[in-house]
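Keep the structure open as you read.

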Amino acid sequence: MKKIQLITDSASDINLTLAQECGIHVIPMNITFGDKSYKDQYEISTEEFYKRLKTEETLPKTAQVSINDFQEVFSKYADCDIICCLLSAKASGTYQNACIAKNMVTEENPDASITVVDSNGFTYGYGMWLIYASKMIEDGATADEIVSFLEECCKDTEIMLTVETLDYLQKGGRIKSSAKIIANVLDLHPILYTEDGLIMSFSKVRGTKKLIEKLSDIVAERIGDDHRIAVLNVDAPEIGDKLKESLLSKIPDAEIMTSSVGACVGVHAGPGAFGAIYRKKDM
């Protein structure tokens, strides 16, 4: 039986140390500040990224993984059963590039086994399931079982998050300047969520003190029978800890892992954003 090799992009926010422990190959997205590009996590750390994000006048740009990068990695593991789970195809061309690279590699090597999974999600919305998938491999799961697990989990995974400031969403063209001004005047904070591979508006909360309580209430109401949760923070681990505590008070049997959001989502959410990832129940 072939060895199973998990592959993902750095937008999954699996840090390289954990990735190595779990046997997951992380292919970096590219981050550009001005005229200088860096390979996410490999050439610029998440900490360094946020230091620069806070001081740069214009937002950095992130770029999808290239076809050549996928082809190189797929060829490296051509003797394995490759399972590659990636950022939502609706948000990036990364998934499409992986599919093209898969066809190129299998044309040269018909025995190669490559499955590319569209997570339909962001950050730990698929990163957490890859970590669990690595544990399944250790326990002897087959490639088909792993693919089914990832597809099933990603299908009903929801991200619920909020941002500290609308500055980064406005700079990135996600909202209009007038909307930011109104929100600031009224002290409104948006709660956002993922739906069908896109980030959408869920509700608004007035004042920062109510945000953690409101967000954990929403998660407790919407979570399904699977109580595995990932708590996210954007350069704000102390807020992540408070959200974790609030969630455990409402979902005592929750199994919670924590993650620092990287550049691909953090560039738009901005420092201070936080949220939770979970499998939602049928609504």
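Among contacts between residues at least 6 apart in sequence, 74% join residues at least 24 apart. A contact here means heavy atoms within 4.5 Å. The model is predicted: local features need pLDDT of at least 70, side-chain atom pairs count only at pLDDT 80 or more, and totals for chains, interfaces and linings use all residues. Residues are numbered from 1 along each chain as its sequence is written, and side-chain values use heavy atoms, with hydrogens and water left out.

Start with the inventory. The protein has eleven helices and 13 strands. Both are DSSP runs, numbered from the N terminus: helices are H or I with at least four residues, strands are E with at least two. Of the 283 residues, 53% count as buried. Buried means under 20% relative accessible area, exposed means over 50%, and partly exposed lies in between (1.4 Å probe, protein chains only). The protein exposes about 13500 Å², and carbon and sulfur atoms supply 48% of that area. The areas come from the Shrake-Rupley method with a 1.4 Å probe; for residues, only the protein chains shown count as cover.

Now go inside. In soluble globular proteins, nonpolar side chains tend to be buried together. The largest nonpolar core here has 72 residues. Such a core is a set of buried Ala, Val, Leu, Ile, Met, Phe, Trp, Tyr and Cys residues joined through side-chain atoms within 4.5 Å. F49, F70, F74, Y124 and L150 have the most contacts inside this core. Helix α5 (residues 124-138) gives the most to it, with eight residues. Look at F74. Leaving aside residues up to four places away in sequence, F74 touches I7, I82, C84, A98, A101, K102, V105 and I114.

Next, a sheet. Three strands form an open sheet in the order β4-β3-β5, with antiparallel pairing. Two strands pair if DSSP finds at least two bridges between them. Strand β3 (residues 30-33) and β5 pair over three bridges. Within β5, T62 stands opposite I31. β4 (36-39) and β5 stand at the edges with a single partner strand each, so one side of each is left without a neighbour in the sheet.

Finally, the charges. Side chains of opposite charge can pair when their charged atoms come close. How many salt bridges does a search of the whole structure find? The search finds ten. The criterion is a side-chain nitrogen of Lys or Arg within 4 Å of a carboxyl oxygen of Asp or Glu.

One of them joins K54 and D235, at 2.7 Å from N to O. This pair links distant parts of the chain, 181 residues apart. K54 sits in the loop between α2 (46-53) and β5 (61-63), and D235 in the loop between β11 (228-233) and α10 (237-250). D235 is partly exposed, with a relative accessible area of 33%.

Another joins K280 and E158, at 4.0 Å from N to O. These two are 122 residues apart: K280 lies in the segment after β13 (274-279), and E158 in strand β8 (residues 157-162). K280 is partly exposed at 29% relative accessible area, whereas E158 is buried at 0%.

R228 and D226 also meet in a salt bridge, at 2.9 Å from N to O. D226 counts as buried, at 16% relative accessibility. A network of salt bridges links D156, D226, R228 and R279.
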